[in-house]
There are 2 protein chains.
Amino acid sequence: MQSYTQLESIFSRIYRLNHLLSLAGWDAQVNMPPKGAEARGEAMSELERYTHELLTSPVTKDLLEKAKLAPKMSPMESANLREMRRLFESESLLPEEFVQRKSKLTTKAQVVWQESREKNSFQTYLPVLKELVATAREEGKYRSSTTNMSVYEALLDVFEPGMNLKTLDAVFADVKSWLPSLLKQVVEKQEKMNEANPIVPITTPISKEKQEALGKHMMGIWQFDLEAGRLDSSAHPFTGMTKEDTRITTNYNPTDVEQSLYAVIHETGHAKYEQNCGPREMITQPICNARSLGLHESQSLFAEMQVGRSAAFSAFLTPLLKEFYGEQPSFQEENLKRIAQKVKPGFIRVHADEVSYPLHIILRYEIERALIEGTMEAEDVPKVWNAKMKEYLGLDPGDRDDLGCLQDIHWSGGAFGYFPTYTLGSMFAAQLMATIKKELGEEEVRRCIRSGELSPIFAKQKEKIWDVGCTYETEDLMIRATGEKLNPAYFREHLERRYLRGED
Amino acid sequence: MQSYTQLESIFSRIYRLNHLLSLAGWDAQVNMPPKGAEARGEAMSELERYTHELLTSPVTKDLLEKAKLAPKMSPMESANLREMRRLFESESLLPEEFVQRKSKLTTKAQVVWQESREKNSFQTYLPVLKELVATAREEGKYRSSTTNMSVYEALLDVFEPGMNLKTLDAVFADVKSWLPSLLKQVVEKQEKMNEANPIVPITTPISKEKQEALGKHMMGIWQFDLEAGRLDSSAHPFTGMTKEDTRITTNYNPTDVEQSLYAVIHETGHAKYEQNCGPREMITQPICNARSLGLHESQSLFAEMQVGRSAAFSAFLTPLLKEFYGEQPSFQEENLKRIAQKVKPGFIRVHADEVSYPLHIILRYEIERALIEGTMEAEDVPKVWNAKMKEYLGLDPGDRDDLGCLQDIHWSGGAFGYFPTYTLGSMFAAQLMATIKKELGEEEVRRCIRSGELSPIFAKQKEKIWDVGCTYETEDLMIRATGEKLNPAYFREHLERRYLRGED
């Protein structure tokens with residue numbers, strides 16, 4: 001047991017130090033003036049170097065070996081030890097020289113990417129993309145070296161531990177078999193409806209202050225504790241900082257109140273998971289980390305898509321909008337529902353509705369996997385991207401790579417294998433909601449949402465997802481939570497019901 | 001030389017890590033929600049433990065020994081090495097056990113102090129004050145053990161390196177010999193003037209946004225680079241963060257615009273010193289630290305008192321206030337000057353004018369020194385405090401210890417020996433201004449201030465104070481900057497001229 005206790009203390013120290021890294025990252029996006037960036041980068045890598053040392057030290061390694069043999073660990077402790085080992089291995093697999101090389105490359109790549117996107121120049125980006133692909137292939141080799149995972153699988157495993165390509169391929173093949181035609185049907189249905197009875201858009205400008213007030217009210221509806229967190233604004237909405245002080249951001253456009261509102265709900269979904277993840281008395285331990293990025297995204301999409309864009313939520317929202325923003329012709333329940341549920345395929349992933357979204361993801365998954373597996377090279381990305389956009393979404397960016405393969409930051413940050421987690425999240429959110437409806441009763445869930453009294457729903461999320469933290473591995477967690485492993489049928493049913501049958 | 005280079009690299013790492021500690025401290029005062037405090041404290045002490053290890057490690061000690069013998073160091077390098085050694089010694093003198101004990105005590109003491117002040121209960125505070133005094137005595141013993149300094153002198157030396165009690169006593173004795181009667185004269189003069197012709201107060205409420213806009217404009221007048229820093233608000237104005245990203249705060253009271261404005265000017269004075277301190281190419285090195293707290297305060301008081309409250313500045317400020325806040329009857333040059341130069345002895349140090357201020361300081365100096373030297377005990381503080389208030393400022397807080405000995409946080413933070421630096425700063429600011437007037441010509445200085453074109457004045461501060469950093473020890477710096485060591489005659493002359501003869 002003693003070796004386990006010593007490990008707890010090492011991981012506790014790492015958690016404490018990561019608090020400061022998280023703060024530095026949050027501040028960089030919310031407050032930092034431009035000329036502070038270089039010093040911030042230096043400071044963060046100095047501390048990262050130290051936390052890396054702590055995590056991968058021979059002492060940690062030795063303690064992990066010894067703890068294996070420890071008798072009488074509780075199930076929680078065993079799970080915690082398993083996560084410790086996972087973090088140790090994930091961090092130890094990469095040679096120091098490689099980590100530094102990758103860090104330098106991605107710092108440079110993000111600057112080049114921003115510039116290339118601004119001037120719509122894939123040629124400017126291409127050399128750095130080649131380097132990024134080569135580096136990701138190298139990373140995949142290191143990461144897969146001690147396992148029987150494939151190179152891409154090993155990269156995916158960083159973000160979605162336990163997911164394998166066989167499962168992922170089966171799930172995505174399923175989605176591809178029905179989603180493009182479903183999307184077409186939904187678009188046609190909505191077009192017909194709009195001809196007869198157009199949506200009344202929200203046009204009166206609303207000040208940042210008013211939008212922020214509604215945002216904070218909405219965080220209250222989600223029972224977010226503003227004494228243990230904040231709402232700020234940043235260029236891209238995100239959830240950051242730490243469990244004891246969880247901070248979300250949104251951004252404000254006076255003529256697009258939907259954007260800031262749904263960003264707040266989405267990020268609050270993430271934040272609730274962060275604030276509540278795992279057993280509180282082990283808050284500094286790996287068992288309290290988010291289970292996976294897909295699970296994390298499932299909690300934000302549960303809030304935004306399953307609850308926030310449902311018909312019942314429009315009923316709840318209508319009087320609130322009138323109260324916070326004043327009367328507007330668009331503030332009618334049915335009209336607000338149609339705004340929240342508008343489906344319109346577009347070029348840009350981050351603006352996509354929940355029906356189109358998975359097609360954006362599958363496209364990226366297929367491309368990045370081919371790049372990593374060497375069946376495709378960086379120079380072919382725009383051509384393949386546009387062909388797949390045409391095939392899946394019926395759109396062709398043509399020579400506008402800024403609306404095509406240059407739109408995302410992920411690869412420039414060295415994140416290959418990240419994109420699939422978005423769609424895993426959508427699917428699990430639907431599966432979780434189906435279970436909660438089964439357990440609480442559909443009528444009760446609708447009543448909760450219509451009245452904004454979400455406690456019974458949160459109680460289910462808490463019991464099934466939040467409290468659990470990393471106690472179980474992902475598939476096990478899903479089975480315990482919903483009775484079965486990830487099953488895309490729930491997502492399909494959700495989309496058909498909401499968008500074809502108009503029942504949600 | 002090699003050992004010196006290795007030292008540079010260690011101190012560079014410490015500087016980088018301190019960036020994160022500074023950010024965490026800044027955020028705690030500006031953004032942190034209350035329930036984040038405990039985790040923040042844990043995170044900061046975890047990193048402090050590591051920087052302490054880096055600074056006091058046997059490796060550092062050994063390198064400092066070897067570097068002594070290094071041939072051919074530049075004067076800058078020698079000065080840097082001297083400062084490294086000072087930091088090492090200051091941090092090494094205290095046993096680890098003591099540091100932790102003090103840290104726990106001061107964390108507790110600040111909570112007890114706040115509560116005691118709120119309910120005006122010295123009895124609640126007394127037990128913790130006793131502990132604080134005992135701990136400070138113990139610290140003084142450790143700190144004086146390897147020198148010929150007295151116990152209190154060793155504590156003072158942490159904040160004001162190089163200052164000795166002989167000098168300090170001489171300076172304060174000088175001030176005490178003329179300031180109380182000068183204060184009395186000034187008060188009588190202003191009272192007479194107010195009877196004949198009352199000050200028109202600024203009463204129309206001004207929004208936070210407008211006050212902030214003027215604050216930022218004022219930072220621009222001081223050539224503060226807002227791309228390398230920020231202006232925020234917090235309960236108590238302060239300057240924080242780091243050289244590359246220097247952040248100041250103020251606070252806003254709609255009916256007291258003077259408060260936020262002068263806080264901005266004061267903190268901008270601190271910030272300019274931080275941003276410009278020492279040779280830029282050595283930015284991570286101890287030579288770029290502020291020379292002392294007194295020097296730091298001299299730069300903020302130079303901005304606020306020497307420039308910002310001068311008659312010439314009222315001429316500059318009058319049209320600006322009209323521009324930013326709209327016309328008000330009080331926005332007349334002579335009236336604004338009288339507001340800026342109003343002298344009225346009061347109970348509270350932080351609200352004191354520059355004439356009364358040193359008397360608040362001398363009172364605290366005499367009490368804390370007696371406590372440390374054991375010629376007085378904690379239970380006698382209220383009695384002695386009130387007697388000295390009566391003697392120096394003609395005021396008696398009676399049983400209102402919240403307006404008396406409970407008003408300051410310093411002792412609760414373990415800072416004994418800090419107070420004198422405020423008055424050292426006032427005095428050196430006056431001495432520096434006298435020199436600059438001598439060199440640029442009084443008329444030119446007045447012209448600069450009246451027009452808000454402060455560059456020629458900044459050029460002098462830069463050459464004499466900012467660029468120098470810790471190249472010289474304090475007294476040497478003062479002599480190089482002004483031709484003589486600290487001389488309270490300049491401060492006296494400044495006060496008489498401004499407040500008795502009305503010439504500034």
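Which residue forms a salt bridge with Glu379(B)? The partner is Lys130(B), and the closest N and O atoms of the pair lie 3.6 Å apart. Keep in mind that you're looking at a predicted model.

Glu379(B) sits in the loop between helix H14 (357–373) and helix H15 (381–393), while Lys130(B) belongs to helix H6 (residues 122–144), which puts the two 249 residues apart in the chain. Glu379(B) counts as partly exposed, at 40% relative accessibility. Lys130(B) is partly exposed too, with a relative accessible area of 41%.

Over all chains, the structure holds 99 salt bridges.

| Salt bridge | Closest N and O atoms |
|---|---|
| Glu379(B) with Lys130(B) | 3.6 Å |
| Arg40(B) with Asp27(B) | 3.0 Å |
| Asp380(A) with Lys383(A) | 3.9 Å |

Take Arg40(B) and Asp27(B), which form a salt bridge. Arg40(B) is in helix H2 (residues 37–56) of chain B and Asp27(B) is in helix H1 (residues 2–30), 13 residues apart. Are these two buried or exposed? Arg40(B) has a relative accessible area of 2%, and because buried means under 20%, Arg40(B) is buried. Asp27(B) is buried as well, with a value of 0%.

Now try Asp380(A) and Lys383(A), another salt-bridged pair. Asp380(A) is partly exposed, with a relative accessible area of 28%. Lys383(A), at 59%, counts as exposed.

Salt bridges can also share partners. In chain A, that's how Arg82(A), Glu83(A), Arg86(A), Arg291(A) and Glu473(A) are joined into one network.

Time to look at the greasy parts. In soluble globular proteins, nonpolar side chains tend to be buried together. The largest nonpolar core here has 116 residues, and the ones with the most contacts inside it are Tyr125(B), Met218(B), Trp222(B) and Phe313(B). Helix H8 (residues 165–196) of chain B gives the most to this core, with 11 residues. Domain 1 (1–148) and domain 2 (188–346 + 424–501) of chain B each supply at least three residues to this core.

What is Tyr125(B) in contact with, leaving aside its neighbours within four places in sequence? The list includes Ala109(B), Val112(B), Trp113(B) and Ser116(B), and also Leu406(B) and Trp411(B). A second, separate core has 108 residues, among them Val171(A), Tyr273(A), Leu486(A) and Tyr490(A).

**Where the two chains meet**

How do the copies fit on each other? A rotation of 180°, with 0.1 Å of shift along its axis, superposes chain B on chain A with an RMSD of 0.0 Å. The two copies are therefore related as by a two-fold rotation axis. In chain B, the C-alpha nearest the axis is that of Leu20(B), at 3.2 Å from it. The same surface serves both copies, as 100% of the contact residues of chain B recur in chain A.

Across this meeting place, 34 residues of chain B are in contact with 34 residues of chain A. About 3,100 Å² is buried between the chains, and carbon and sulfur atoms give 58% of that area. On the chain B side, Arg16(B), Leu20(B) and Lys35(B) lose the most area to chain A, together 18% of what that side buries. There are also 8 salt bridges between the two chains.

Conventions
Residues are numbered from 1 along each chain as its sequence is written. Chains are lettered from A and ligands numbered from 1 in the order in which they are written. This is a predicted model: local features need pLDDT of at least 70, side-chain atom pairs count only at pLDDT 80 or more; totals for chains, interfaces and linings use all residues. Side-chain values use heavy atoms; hydrogens and water are left out. A nonpolar core is a set of buried Ala, Val, Leu, Ile, Met, Phe, Trp, Tyr and Cys residues joined through side-chain atoms within 4.5 Å. Buried means under 20% relative accessible area, exposed over 50%, partly exposed in between (1.4 Å probe, protein chains only). Helices (H or I, at least four residues) and strands (E, at least two) are DSSP runs, numbered from the N terminus. Domain bounds come from an automatic or database domain assignment. Contact means heavy atoms within 4.5 Å. Copies are superposed by least squares on the C-alpha atoms of residues with pLDDT of at least 70 in both. A salt bridge is a side-chain nitrogen of Lys or Arg within 4 Å of a carboxyl oxygen of Asp or Glu. Buried area is the accessible area (1.4 Å probe) that two parts lose on being put together, summed over both.
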